[in-house]
Amino acid sequence: MPPTSPEGDYAPVPRQGWWSRNWKWAVPVGCLGMMGSCFCFVAIAVGWGYSSFKDMGAYTDAITEAQEDPHVQQALGGSFKPGFPSNTQVSTRNGRTHAEFTVPLDGPKADGNLHAVADKNGEAWTFRTLYVQVEGGQRIDLLDTGETPPEAPEEPLEPEVPHELEPEDAEPSEPPAQQKPGHDTDIEL
């Protein structure tokens, strides 16, 4: 008689593979890992782009102008922190760089947005638009030098000369619309 095993005539069940035992937790962890990797890649790309944008002369010049302007300091409550730029467009064509951007400003008294449009032809940036829009509705133009333009000298007013009455039988003069150019009538005193 052949020896029998205590379990009977059944052969032991082969042990399941690793995947069969662990797939329930491996799938979600793998998906989260891939999503995390994508998120990290995007964060690195955005951070690199942001840091290179912050090093751009137009951004630093615009922030410096806003920080030094007394009207901006008064409206925002002293020093402010620039936020993450939005609506950013930078293009280069034929050696000329054009930049448009908006930077949120966080001040102790109020918040605002710095709007800038600048061109670079050579080494220096030239701003076409540079202003701070305060949340309360106030707009502070940073390109305004604060100087009032010289006023045009006022022309001296000529004293009014009373019109002489024409006799009733005199010919009526032509209305101004029908007068011929170059035939102005001057009144001599």
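Which residues form one aromatic cluster? Trp 18, Trp 19 and Trp 25 do.

1. Basis of the note. This is a predicted model, in which local features need pLDDT of at least 70 and side-chain atom pairs count only at pLDDT 80 or more, while totals for chains, interfaces and linings use all residues. Residues are numbered from 1 along each chain as its sequence is written, and side-chain values use heavy atoms, with hydrogens and water left out.

2. Overall organisation. The protein chain has 3 helices and 6 strands (DSSP runs numbered from the N terminus: helices are H or I of at least four residues, strands E of at least two). Their order from the N terminus is α-α-α-β-β-β-β-β-β.

3. Burial and surface. Of the 189 residues of the protein chain, 20% count as buried (under 20% relative accessible area; exposed is over 50%, and partly exposed lies in between, with a 1.4 Å probe and protein chains only). The accessible surface of the chain comes to about 15,800 Å², and carbon and sulfur atoms account for 56% of that surface (Shrake-Rupley method, 1.4 Å probe; for residues, only the protein chains shown count as cover).

4. Aromatic pairs. The structure holds 3 aromatic pairs (rings of Phe, Tyr and Trp, the last by its six-membered ring, with centres within 6.5 Å; planes under 30 degrees apart are stacked, over 60 edge-to-face, the rest tilted). The pair of Trp 18 and Trp 19 is tilted, because the ring centres are 6.3 Å apart and the planes stand at 40°. Trp 18 also forms an edge-to-face pair with Trp 25, at 6.0 Å centre to centre and 80° between the planes. Trp 18 is partly exposed, at a relative accessible area of 46%, and Trp 25 is partly exposed at 47%.

5. Nonpolar patch. Trp 18, Trp 19, Trp 23, Trp 25, Val 27 and Val 29 make a nonpolar surface patch of about 680 Å² (residues with over 30% relative accessible area and no salt bridge; nonpolar side chains, namely Val, Leu, Ile, Met, Phe, Trp and Tyr, are joined within 5 Å, like charges within 9 Å; a salt bridge is a side-chain nitrogen of Lys or Arg within 4 Å of a carboxyl oxygen of Asp or Glu). Val 29 lies in helix 1 (residues 18-54) and is partly exposed, with a relative accessible area of 48%.

6. Strand 2 (residues 86-93) and strand 3 (residues 96-106) pair in the antiparallel sense over 6 bridges (pairing requires at least two DSSP bridges). Arg 93 stands opposite Arg 96 in strand 3. The hairpin has 2 residues between the strands, and Asn 94 takes a positive phi near 55° there.
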